[in-house]
Amino acid sequence: MSDVQLGMPRLPAPDYPADVRARLDADAREVISRYPDSRSALLPLLHLVQSEEGHVTRTGVRFCAEQLGLTTAEVTAVATFYTMYRRKPSGDYQVGVCTNTLCAVMGGDAIFDALKEHLRVGNGETTPDGKVTLEHIECNAACDYAPVLMVNWEFFDNQTVESATALVDDLRAGRAVAPTRGAPLCTYKETARILAGFPDERPGAVEAGGGAGPASLAGLRLAKGESAPGRVVAPRAAARPAAEDRPGTGPRPAAGEAPATHPSSHDAPQQTSASDPSNPAGPAAEEGE
Ligand code: FES
């Protein structure tokens, strides 16, 4: 039974300490000035308060509501809708294992199960040292690098049980780890500030970019009539039989060498209209033509 049901109205959320409030006020003014309608700034402001406390607290909700002239109910409705906002304290590193369809069948389910056992935490739970929060996540549009892990929303592509276990061990031990592509890794609070719209001023962060990798561009290159570069995923060699031992695949090419018959080490040999004369490419013929 809630306090309200018992006739005891909930106390208002406390405010931030004066120095924190002054700093957040200035940051909020800058964010809000970017939008013609102030309430459009709610999503970045929720990231801003998350950068302060690591999750969206009642104090953070109150702050957003006051800044934007909204009710706390309106702010809470948004904060509880989007999974990128946390509602409880959690770790410095949010390790998300994609268990959506493609990643799941490529090993994501096995990785998630192995990490739960290795870290002794369940979905959404944090290790006792406060370093890692484990959760399963939905597709991050990186299916061509399946199975994918996201650490604070940075990509760790083509993972295996072994590489994912080593990754969380490194994070907990404070050893440096580098995402497969994109900006260098930072803590969850630092990530939240960047998502609030403040520039990532770390050396090399902007230059790192986050453009499409070779696997994502393979189809485009093939469509242009170019040869698509092959991609050999080294960590997978230990977890799967050698390519030459799997049915329907040719010899595994050397690192960096293009496979002879298909553009990705994950792809089966292609059966396309080009290789099937009985099903030519082009629009389907109208009946009676
Ligand atoms: S299914 Fe995992 S990134 Fe798309």
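Before I looked at how helices cross, I noted that axes are lines fitted to C-alpha atoms, for helices over the stretch in contact, with angles from 0 to 180 degrees between N-to-C directions.

**Entry 1: ground rules.** I am working with a predicted model, where local features need pLDDT of at least 70, side-chain atom pairs count only at pLDDT 80 or more, and totals for chains, interfaces and linings use all residues. Residues are numbered from 1 along each chain as its sequence is written, and side-chain values use heavy atoms, leaving out hydrogens and water.

**Entry 2: the whole chain.** I found 10 helices and 5 strands; these are DSSP runs numbered from the N terminus, helices (H or I) of at least four residues and strands (E) of at least two. Of the 289 residues, 39% count as buried, that is, under 20% relative accessible area with a 1.4 Å probe and protein chains only.

**Entry 3: the sheet.** In what order do the strands of the open sheet lie? I read E2-E3-E1-E4-E5, with mixed pairing; two strands pair if DSSP finds at least two bridges between them. At the edges I found E2 (125-126) and E5 (154-156), each pairing on one side only.

**Entry 4: strand E1.** Next I followed E1 (residues 93-98), which is antiparallel to E4 (residues 149-151) over 3 bridges. In E4, Val151 is the bridge partner of Val95, and Leu149 stands opposite Val97. With E3, E1 runs parallel, joined by 6 bridges, and there Tyr93 has Val132 as its bridge partner.

Is E1 buried or exposed? I see that 6 of its 6 residues are buried, so E1 is largely enclosed by the rest of the structure. Tyr93, Val95 and Val97 point one way, while Gln94, Gly96 and Cys98 point the other. I jotted down a reminder that side chains in a regular strand alternate between the two faces of the sheet.

**Entry 5: helix H5 and its neighbour.** The axes of H5 (residues 101-119) and H6 (residues 161-173) come within 9 Å and cross at roughly 40°. That makes H5 oblique to H6, oblique being what is left after under 35 degrees (roughly parallel), over 145 (roughly antiparallel) and 65 to 115 (roughly perpendicular).

Which residues meet here? On the H5 side I listed Ala110, Ile111, Ala114, Leu115, His118 and Leu119, and on the H6 side Val161, Ala164, Thr165, Val168, Asp169 and Arg172, with contact meaning heavy atoms within 4.5 Å.

Terms used. Buried means under 20% relative accessible area, exposed over 50%, partly exposed in between (1.4 Å probe, protein chains only).
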